[in-house]
Amino acid sequence: LFPSGGIMVIQDCFCVAFELKPECGFDGIIPDIVLEGENYCGGAVSVLMAIPPLPQSLLTPSACTNCYEITKTANVSTAVEGTELVTFTIEVCADNNGQTNVTLEDLLPTGFDLVSTFANTDPFTFNINAQQCIPFTVSGYLNSPGECNTATVFNSSTPTTTFSDVACVDLINCLPNSDYIKKKNAVSSAFGNFIGTYLGPPVQVNIQGDFFINSPIQFFNCNIILDPGARIIVNNNQQLALAYSTLTPCLKMWKGIELNVGSNLFSYECIIEGAENAVLAKTGTFPFLVNTQFKDNYIGLNIPHSIPWNTSQSYLSGCQFTGSGTMYPPYAGQVTVIGNKPYAGIVARRNQLQITPSSTDMNTFSGLSNGIIGLSSDLRISNCIFEDISPDPVYEVLTKTLTNSSYNGSGIYAHGFKTNFALHQNGIGLTSPTFDNCHIGIYAEKIDVLSEYNLMQNMNMGYKVFLAKFSDEVKIRHNQIESNQNGIDLRFNDAS
């Protein structure tokens with residue numbers, strides 16, 4: 001080959017030829033080809049040869065009869081056992097010269113609780129055209145740990161050549177040593193009361209999905225773990241009693257305790273944490289809350305809109321509504337947008353909300369975006385302390401008012417709309433602050449206001465009172481306000 005007898009010398013030419021024979025259709029730019037070698041002296045040689053893109057007409061139709069690609073992916077990398085829906089997506093692509101008949105085998109995890117699937121039979125046989133991709137999905141709940149599972153496709157006429165892909169999801173068991181419940185859609189009548197000893201270890205309870213209180217039930221000294229999206233539903237005219245117990249989420253938020261017509265909730269010395277609505281009190285319910293901490297809930301006590309009124313009667317004494325600055329992530333399918341702190345301690349709509357505990361059992365609201373929000377409601381509030389209330393920007397749009405300002409960051413916000421409502425608020429006196437380090441102390445619109453005996457310190461603004469209507473009275477008296485902006489901001493209250 002070379003004049004020197006088979007050995008390259010200077011000036012000799014060495015040629016490498018590439019013959020491209022496309023067997024599968026290709027749409028795109030041919031990748032660069034890099035030729036690497038080593039010369040006689042041991043030095044490395046690297047030559048980059050850029051091959052220009054070939055016209056697609058040279059690459060199609062494919063000459064292949066058994067060319068497939070398969071990918072299998074999961075919508076999550078981790079899932080809570082038996083609770084979080086897992087969806088596997090399998091995509092099969094053919095790169096052949098015509099339609100072929102293929103077989104798809106999907107190996108699902110052990111004990112997979114199937115909800116929906118792409119076929120009634122497995123393996124599943126179907127036709128696929130040239131240059132076509134077909135997606136398939138299968139959904140369900142995992143019940144076995146450490147599961148990776150494989151999907152395989154092959155030409156039905158040549159089953160020995162297979163194409164496979166694998167998807168893995170880590171299973172999380174929220175409370176593996178749970179004493180009770182640990183199944184979805186359980187009912188209280190299937191269990192007795194959950195009673196632990198006063199100073200002994202707590203009873204371990206894990207709730208998945210919806211737990212229906214269809215007969216009165218008590219939890220005493222219990223550690224209750226709620227799976228993502230779990231909910232305790234107190235049926236009409238039933239009772240749930242909690243004492244010396246904690247209700248905390250497993251990794252993601254849970255929905256909370258839902259009280260239906262005529263039902264009661266008694267909570268004493270408890271912690272309720274990480275819920276979307278820790279207590280949802282529908283009309284005609286009786287939440288009785290004493291020395292209970294509501295921690296990192298989107299809303300602590302939510303009294304929803306009802307026609308003509310929500311007649312829920314709440315009692316709160318010695319309760320704490322707190323935010324740590326870090327919220328749990330939302331459960332799958334949760335619509336509520338979550339910021340870094342709770343939206344509000346209490347939200348009341350079309351309700352007569354009276355929170356007037358004794359001076360020795362005051363309620364506190366701290367680390368929240370808003371303390372108490374009253375919409376078309378009468379508010380009677382005393383012996384409540386508001387600390388470190390500042391606006392979370394995630395809730396800014398949610399808190400827009402008719403004057404295009406925002407009440408976000410208010411200790412108390414009250415809006416009367418077109419009907420006569422009143423806000424009557426008494427502070428704890430002028431020796432210690434009722435409002436401390438709040439963006440706004442009290443923000444009121446279209447409502448009667450009586451507010452007195454408040455020490456407000458480290459405030460951006462003490463009061464904002466807008467649009468008081470004819471017959472509304474605005475009385476702000478016997479207060480001491482230390483603010484960076486306005487102490488009292490009164491606007492458009494001409495008729496009051």
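Predicted model: local features only at pLDDT ≥ 70, side-chain atom pairs only at ≥ 80, totals over all residues.
Q238 sits in the loop between β17 (231-234) and β18 (239-243). Is Q238 buried or exposed? Its relative accessible area is 17%, under the 20% cut-off, so Q238 counts as buried.

β18 belongs to an open sheet of six strands. Colour them in order: β13, β15, β18, β21, β24, β27. The pairing is parallel. Which strands are at the edges? They are β13 and β27 (315-317), and each pairs on one side only.

β13 covers residues 194-195. Two bridges join β13 to β15 (residues 217-220), and these strands run parallel. Select I195 and look across to β15: F220 stands opposite.

**The core**

Next, select F219. Which residues does F219 touch, beyond those up to four places away in sequence? The list is F194, V205, F211, I224, L240, A241, L242, A243 and S245. The largest nonpolar core has 61 residues, and F219 and I257 touch the most other members. β14 supplies five residues to this core, the largest share. A second core is separate and has 17 residues. To find this second core, select M253, Y298, I299 and F466, which are among its members. As a general background point, nonpolar side chains in soluble globular proteins tend to be buried together.

**The surface**

L199 is in the loop between β13 (194-195) and β14 (203-213). L199 counts as exposed because its relative accessibility is 77%, over the 50% cut-off. Together with L199, they make a nonpolar surface patch of about 380 Å².

**Backbone stops**

- Select I307 and P308. A cis peptide bond joins them, with omega about -5°. P308 is in the loop between β26 (299-303) and β27.
- Select N383. Its phi is positive, about 50°, although N383 is not a glycine. The residue lies in the loop between β33 (378-382) and β34 (384-389). With a relative accessible area of 15%, N383 is buried.
- Select Y453. Its phi is also positive, near 60°, and Y453 is a residue other than glycine. Look for Y453 in the loop between β39 (448-452) and β40 (455-459). Y453 is partly exposed, at 39% relative accessible area.

**Zoom out**

Finish with the whole protein in cartoon view. How many helices and strands are there? The protein has zero helices and 44 strands. Colour by burial next. Of its 496 residues, 48% are buried. Then draw the contacts between residues at least 6 apart in sequence: 64% of these join residues at least 24 apart. Last, bring back the surface for the whole protein. Its accessible area comes to about 23300 Å², and carbon and sulfur atoms account for 53% of that.

Terms used
Residues numbered from 1 in each chain as written. Heavy atoms only, no water. Patch = residues over 30% accessible without salt bridge, like charges linked within 9 Å, V, L, I, M, F, W, Y side chains within 5 Å. Areas by Shrake-Rupley, 256 points an atom, 1.4 Å probe, with all protein chains shown as cover. Salt bridge = Lys/Arg side-chain N within 4 Å of Asp/Glu carboxyl O. Helix = DSSP H or I, 4+ residues; strand = E, 2+ residues; numbered from the N terminus. Buried < 20%, exposed > 50% of the residue type's maximum accessible area, 1.4 Å probe, protein only. Core = buried A, V, L, I, M, F, W, Y, C linked by side-chain atoms within 4.5 Å. Contact = heavy atoms within 4.5 Å. Pairing = 2+ DSSP bridges.
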